Amino acid sequence: MKRYEKFADDIAELIRSGVLGPGQRVPSVRYASQTHGVSPSTVFQAYYLLERRGLIRARPRSGYFVNTHAPRQFNEPQIIEQASESTEVDVSELVFSILDSIKDPQTVAFGSAFPSPNLFPLPRLARSLASASREMDPRMVVTDLSPGNPATAPPDRPALHGRRLDAADGRTADHQRCAGGIEPVPAGGNRAG
């Protein structure tokens with residue numbers, strides 16, 4: 001191992017152990033050279049190596065400083081004793097707890113099938129819907145309904161009868177409402193119900 005690499009490893013250990021914190025100034029080249037008994041060229045090479053590793057950065061006319069996002073040494077993980085008994089897990093309860101968490105506005109549901117309501121342009125949709133409903137003819141609500149097919153209606157479901165305003169000539173006509181839609185009652189036909 002070269003001398004500058006050893007010196008760079010020593011400074012990196014000081015950063016990782018927290019002796020040199022984020023934003024803190026690293027010893028100057030002159031001071032490091034005098035205290036560690038190495039040439040200024042060796043200190044420069046070590047600092048360049050630490051810059052490439054992302055541990056420090058140079059500020060013009062100020063020196064070298066520890067990066068604010070320099071990797072730090074993590075604390076030793078704690079050993080937690082595991083329960084000797086098994087735990088029953090209710091899948092439906094788990095699913096409902098996840099669905100309940102979606103209601104929390106502070107929760108970001110990554111990978112959820114339900115996108116955030118904030119992503120929808122609700123004010124624009126409301127304006128468009130209001131504008132369209134103001135301009136719509138009220139009779140258009142029922143004119144576009146499918147007539148359905150009484151032949152496919154289940155036999156145990158009786159047909160319902162009613163009167164409808166015919167949009168074409170303004171007269172009322174008898175119509176029978178069946179499971180599939182609305183059908184006109186034939187002239188002289190039997191009206192059930």
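Biologist: What share of the 193 residues in the chain counts as buried, and what makes a residue buried?

Modeller: Buried residues make up 18% of them; the word means under 20% relative accessible area, with exposed over 50% and partly exposed in between, using a 1.4 Å probe and protein chains only. Please keep in mind that this is a predicted model, where local features need pLDDT of at least 70, side-chain atom pairs count only at pLDDT 80 or more, and totals for chains, interfaces and linings use all residues. Residues are numbered from 1 along each chain as its sequence is written, and side-chain values use heavy atoms, leaving out hydrogens and water.

Biologist: Why is the largest set of 20 residues called a nonpolar core?

Modeller: Because such a core is a set of buried Ala, Val, Leu, Ile, Met, Phe, Trp, Tyr and Cys residues joined through side-chain atoms within 4.5 Å. Tyr47, Leu50 and Ile56 touch the most other members. Helix 1 (3–16), helix 2 (29–36), helix 3 (40–52) and strand 2 (63–66) each give two or more residues; helices here are DSSP runs of H or I with at least four residues, strands are runs of E with at least two, and both are numbered from the N terminus.

Biologist: Which residues does Tyr47 contact, leaving aside neighbours within four places in sequence?

Modeller: Phe7, Val26, Pro27, Ser28, Val29, Ala32, Ile56 and Tyr64, where contact means heavy atoms within 4.5 Å.

Biologist: How do you know that strand 1 and strand 2 pair?

Modeller: Pairing requires at least two DSSP bridges between two strands. Strand 1 (residues 56–59) and strand 2 have four, in the antiparallel sense, so they qualify. Arg57 stands opposite Phe65 in strand 2.
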